[in-house]
Amino acid sequence: MPAAMIVALSAGLLTATAPAAHAASGATLPFTSVEAESATTTGTRIGPDYTQGTLASEASGRQAVRLTSGQRVEFTVPRAANAVNISYSVPDGQSGTLDVYVNGQKIAKTLAVTSKYSYIDTGWIPGARTHHFFDDARLLLGQGVQAGDKIAFQSTGTQVTVDVADFEQVDAAATQPAGSVSVTSKGADPSGNADSTQAFRDAISAAQGGVVWIPPGDYRLTSSLSGVQNVTLQGAGSWYSVVHTSRFIDQSSSSGGVHIKNFAVIGEVTERVDSNPDNFVNGSLGPNSSVSGMWIQHLKVGLWLMGNNDNLVVENNRILDTTADGLNLNGNARGVRVRNNFLRNQGDDSLAMWSLYAPDTDSSFENNTISQPNLANGIAIYGGTDIAVKNNLVADTNALGSGIAISNQKFLDPFSPLAGTITVDGNTLVRTGAMNPNWNHPMGALRVDSYDSAVNATVNITNTTVTDSPYSAFEFVSGGGHGYPTSNVTVSGATVKNTGTVVVQAETQGSAKFSNVQATGVGAAGIYNCPYPSGSGSFTLDDGGGNSGWSSTWADCSTWPQPGQGNPDPDPNRNLAKGRPATATGSQDVYTPGKAVDGDANSYWESTNNAFPQSWTVDLGSPQDVRRLVLKLPPSSAWGARTQTITVLGSTDGSTYSTVVGSTGYRFDPATGNTATVSLPAGTSLRHLRLTVSANTGWPAGQFSEVEAYPTS
């Protein structure tokens, strides 16, 4: 599907450090990751946070470490290593370096950091906010370190938020295969100064049936390669042979036999333009081809595959920091195997199959590790026949997506809906699922979606582990709002730990059989069963036996369960208003109501000017016991002190409001953080919180940069 459409309405970590329960899922990787929040630091730990558009919410584990100038984070090395890759973020528009220390000694090399490839805006995608905050930077240390040694990164001026460090023992560079054609023999420049495009083309022509050798070096290509067939493109290793281009192969067809392996392709894509083929591979490699051992970074899409790619194997690759998908098979994929890959920080689905024009058939995603897709699903299957999703590890989906989505969302015609048997087996989903602002309700960790047509395929979901889902574990929905059924679904052998709301979120007609689904730490109730549209039919949960821990049902279909309801609240101090839908009687320019609940104290809502009174309202999702409000204006000293006269009102149904706190003047002073606290009477229960502003001594409008609501006094 066009990358722009993948998340339009439906909406990509853990390695050897993962818990033992995850051992059978995910890729076998050449590196070991360590989270910054588990390291020693003089900086500030941020998170956890699950709110779309915040830095911590896009971090691995939803936590990271923020360093200001002179601060450092020090990792204990988990294995022998001579290289490190870190995931980091710097403020928009800034760049800088991190000093690197090994066992307390500063080394000569520094690690460059930049915001150049971050802060992506996709305003044409409903529900999207600025996202893609993190990036990756790698460094060969020039020396070996052992398990237990210390490696520290210190900010040298630019604020840097460090998320995770990958430690790796990189083998020596490989040597040229006998009989191969080196690109340097055709004039390629390994310094990266001259354009090597024609040299690559000439080497490919000369090596038909053989190997094109890419020696260690940096090679700059200024346009894409085409007509690639019956050839192997091979480098000395992805840390040594680096091709710099934003469009590597772009071709609509190939006779096949293309094998690409053991080098890096690093692009310069800084925004997402869906009409541009800014991809590592765009189109077709042809039948019986392979991609392996690659490092693919800073492109729009890793592999956007159309045409004949029968029996393609994509394995043992790293796909990092793409502004859209990691890999997407759209139509005509037969016998494709995508396995043992690592994907981090995708701006759309990390791995997707989309059955446009013809069904993807007998193809699979197996043993992949996916971390931090920040605007869609970890793995998405849109239609297709006899598809398998097996033994993958997906963590930290952020917005508009699930860990795994099995869907009949077509995006375009002609589309081939799900058919045959869809096998979803042995997958581990950690902190997956997200709030969908277009639906105003959440998406589960694993979603079966009859978006544009009924799900009639046999869908077998087996041996699934769902851990720390912020919302539900299993969701059954007709995302287009048509109420199409999802049928022929079985869920068996699942372990569900610590769901924020429910185990099963059923929102459409149909049925599923559940066997040996065992849950602990359920936040609100076992089941939410409220088909939409109302009256469209019921969803039946068939008990196959062996289920435990989720027998209760959420009783009120007029409200959405919030994390922690029904059980002891896992976070009794959380801000109930953050990220919730907000409205107002009026807004000035871009200062819209949602700015007051976006978690950013520097953005703000401002009402229509010179039109008091003005009201701002937030829907907390369900009745909540609220004891305290914290009202903020931007902390900048440019905001002079002012007093706003505010009345606090509440409602349980969104139509009838009563006064909670009468009209009162609240002082906002930059000397004290431009913050005012409002205490609410004990026993105040409300779903809709309204603040009516009747006066402001500093500006002729109501203004809030954040409205925070807490259940504690």
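# Briefing: cavity, pocket, ring pairs and backbone features

The lining of the largest cavity comprises six nonpolar residues, two polar residues and one charged residue. In this classification Ala, Val, Leu, Ile, Met, Phe, Trp, Tyr, Cys and Pro are nonpolar, Asp, Glu, Lys and Arg are charged, and the others, Gly among them, are polar. The model is predicted, so local features need pLDDT of at least 70 and side-chain atom pairs count only at pLDDT 80 or more, while totals for chains, interfaces and linings use all residues. Residues are numbered from 1 along each chain as its sequence is written, and side-chain values use heavy atoms, with hydrogens and water left out.

**Cavity and pocket**

- The largest cavity holds about 50 Å³ of space; a cavity is a set of points, on a 1 Å grid over the protein atoms alone, where a 1.4 Å probe fits but cannot get out.
- Its lining consists of Met435, Asn440, Pro442, Tyr471, Trp560, Pro561, Gln562, Pro563 and Arg580, where a lining residue has an atom within 4 Å of a point.
- The second largest pocket has a volume of about 430 Å³; a pocket is an open set of points with protein on both sides within 12 Å along at least five of seven lines.
- For these volumes, grid points are joined across faces, edges and corners, and the volume is the space filled by probe spheres set on the points.
- The second largest pocket is lined by 23 residues, of which Pro30, Glu168, Ser238, Gly293 and Arg318 are the closest to its centre.
- By class, 11 nonpolar, nine polar and three charged residues make up the lining of the second largest pocket.

**Aromatic pairs and charges over rings**

- A pair of aromatic rings is described by the distance of the centres and the angle of the planes.
- The model contains 17 aromatic pairs, counted when rings of Phe, Tyr and Trp (its six-membered ring) have centres within 6.5 Å; planes under 30 degrees apart are stacked, over 60 edge-to-face and the rest tilted.
- The Trp239 and Trp295 pair is edge-to-face because the ring centres are 5.4 Å apart and the planes stand at 70 degrees.
- Trp239 is in the loop between strand E15 (231-235) and strand E16 (241-244) and Trp295 is in strand E22 (residues 295-297), so this pair ties together parts that are 56 residues apart in sequence.
- Helices (H or I, at least four residues) and strands (E, at least two) are DSSP runs, numbered from the N terminus.
- Trp239 and Trp295 are both buried, where buried means under 20% relative accessible area, exposed over 50% and partly exposed in between (1.4 Å probe, protein chains only).
- The charged end of Arg138 sits over the ring of Trp239, 4.8 Å from its centre, and Arg138 also lies over the face of Trp295, at 4.3 Å from the ring centre.
- A charge sits over a ring if NZ of Lys or CZ of Arg is within 6 Å of the ring centre and within 35 degrees of the ring normal.
- Phe476, Phe514, Phe539 and Trp550 are linked by ring pairs into a cluster.

- Ser538 lies in the loop between E49 and E50 and counts as exposed because its relative accessibility is 54%.
- Beyond its neighbours within four places in sequence, Ser538 is in contact (heavy atoms within 4.5 Å) with Thr508, Gln509, Gly510 and Pro531.
- Ser538 and Ser655 are 117 residues apart along the chain, and their C-alpha atoms are separated by 29 Å.
- Thr486, in strand E46 (residues 486-497), is buried, with a relative accessible area of 0%.

**Backbone features**

- Most residues other than glycine have a negative phi, and most peptide bonds are trans.
- The peptide bond from Gly47 to Pro48 is cis, with omega near 0 degrees, and Pro48 is placed in the loop between strand E3 (44-46) and strand E4 (64-67).
- Tyr532 and Pro533 are joined by a cis peptide bond with omega about -5 degrees; Pro533 is in the loop between E49 and E50.
- Tyr357, which is not a glycine, has a positive phi near 75 degrees; Tyr357 lies in the loop between strand E29 (351-354) and strand E30 (364-366) and is exposed, with a relative accessible area of 58%.
- Asn367 also has a positive phi, about 55 degrees; Asn367 is in the loop between E30 and strand E31 (369-371) and counts as partly exposed at 25% relative accessibility.
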